[in-house]
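Hi everyone, thanks for coming. I'd like to walk you through one structure today, so let me put it up on the screen.

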Amino acid sequence: MSSFDLLPGAAGSPVLLHVPHSARAIPDDVRKGILLDDAELERELDHITDAYTAEIAERAAALAGIRPWRFVNRLSRLVVDPERFPDEREEMLAAGMGAVYTRTTHRGELRAADTDPEPLLARYFRPYAEAMTEAVAGRLAATGRAVIIDVHSYPAVPLPYELHGAGPRPPVCLGTDAFHTPPALTGAAHEAFAGCGETGLDSPFAGTYVPLEFYGTDARVGALMVEIRRDVYMTEPGGPAGPGLDRLASALATLVDAL
């Protein structure tokens, strides 16, 4: 079984909803390398998982006038985090949270510090990156452009692992990139999420995800990260979803249609 899914949308849609952090699944052989006991692991998953973001994207896709494509990670980011740089470029290495995490959200020990990340990178990270690259290339070939909308969530109260947690924490944070996020894309997102509360930029999380083959070189690839504060749509941490989920799905569909 693949660790990710590319779910087709309309042939003419340039939009790719990317959902990298919504899953909790961890293969048994990977679980053996995690030092937490079962109860501790469940608590860590409550904190680190972008709960219900796959459902938000699924509902948005169904509501959109032209169905977007979706790329969904089916494994927890505790297996690998597909949005990290796999090398020293990754600033989250300082928190023990590069592509393969060794520390928890509360800076405890998740894996041994000397864990070799290569087996997990080879098995999960690189195939994911290659498939995402192919998905973007497919939208470019079909429509002449691609727009990656990263669907994330974040806690209302900063967690100890956050490197930039002291800034504003609006209901919706838009992460941008100077090259890949044109003003029109940011403007469309502000309008789409206006009914969900304040929409801020690049705080507490900044940047976007673009496959490295296109990053910083291909302006046909647009990208925006949508970070939703979890108390807007669910009970934290790890609790049930509430009525805010439908409102957010509708807003995301509005953004998709604007693109």
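Let me begin on the inside: Ser3, Asn73, Leu75, Ser76, Val79, Val80, Tyr124 and Tyr128 line the largest cavity. Please keep in mind throughout that this is a predicted model. The space in that cavity comes to about 50 Å³. How many cavities of 30 Å³ or more are there? The count is 1.

The largest pocket holds about 950 Å³ of space. Its lining takes in 40 residues, and Glu83, Arg84, Glu90, Ala206 and Thr208 are the closest to its centre. Sorted by class, that lining has 18 nonpolar, 8 polar and 14 charged residues. Which elements each supply at least two residues of the lining of the largest pocket? They are helix α4, residues 118–143, together with strands β4, 146–154, and β7, 221–229. Strand β4 gives the largest share, with 4 residues.

The second largest pocket has about 220 Å³ of space. Here 16 residues form the lining, and the ones nearest the centre are Leu93, Gly98, Ala99, Val100 and Pro117. The classes in this lining are 9 nonpolar, 4 polar and 3 charged.

Let's turn to a helix pair. Two packed helices are described by the angle between their axes and the distance between the axes. For α5, residues 183–192, and α6, residues 244–258, the angle is about 145° and the axes are 8 Å apart. Is the crossing of α5 and α6 left-handed or right-handed? The crossing of these two is right-handed. If you'd like to find the contact on the screen, look for Ala188, Ala189 and Ala192 on the α5 side, which meet Ala251, Thr254, Leu255 and Ala258 on the α6 side. In terms of class, the contact between α5 and α6 has 6 nonpolar residues and 1 polar residue, with no charged ones.

Next, some backbone details. Most residues other than glycine have a negative phi, and most peptide bonds are trans.

The bond from Ser203 to Pro204 is cis, with omega near 10°, and Pro204 sits in the loop between β6, residues 199–201, and β7. The bond from Glu236 to Pro237 is cis as well, with omega near -20°. You'll find Pro237 in the loop between β7 and α6.

The other two concern phi. Tyr52 is not a glycine, yet its phi is positive, at about 70°. Tyr52 belongs to the loop between α2, residues 38–48, and α3, residues 53–63. Its relative accessibility is 27%, so Tyr52 counts as partly exposed. Then there is Asp202, also not a glycine, with a positive phi of about 55°. Asp202 is in the loop between β6 and β7, the loop that also holds Pro204. Asp202 counts as partly exposed because its relative accessibility is 30%.

Pro168 is in the loop between β4 and β5, residues 172–175. At 55% relative accessibility, Pro168 counts as exposed, because the cut-off for that class is over 50%. For a sense of scale, Pro168 and Asp114 are 54 residues apart along the chain, and their C-alpha atoms are separated by 35 Å.

My last stop is Ala95, in the loop between β3, residues 69–73, and α4. Is Ala95 buried or exposed? Its relative accessibility is 3%, and buried means under 20%, so Ala95 counts as buried. Setting aside neighbours within four places in sequence, Ala95 is in contact with Arg103, Arg107, Tyr161 and Leu163.

Key
Residues numbered from 1 in each chain as written. Predicted model: local features only at pLDDT ≥ 70, side-chain atom pairs only at ≥ 80, totals over all residues. Heavy atoms only, no water. Axes fitted to C-alpha atoms, helices over the stretch in contact; angles between N-to-C directions. Left-handed = near helix turned anticlockwise from the far one by under 90°. Contact = heavy atoms within 4.5 Å. Nonpolar A, V, L, I, M, F, W, Y, C, P; charged D, E, K, R; others polar. 1 Å grid on protein atoms, 1.4 Å probe; cavity = no way out; pocket = protein on both sides within 12 Å on 5 of 7 lines; lining within 4 Å. Points joined across faces, edges and corners; volume = space filled by probe spheres on them. Buried < 20%, exposed > 50% of the residue type's maximum accessible area, 1.4 Å probe, protein only.
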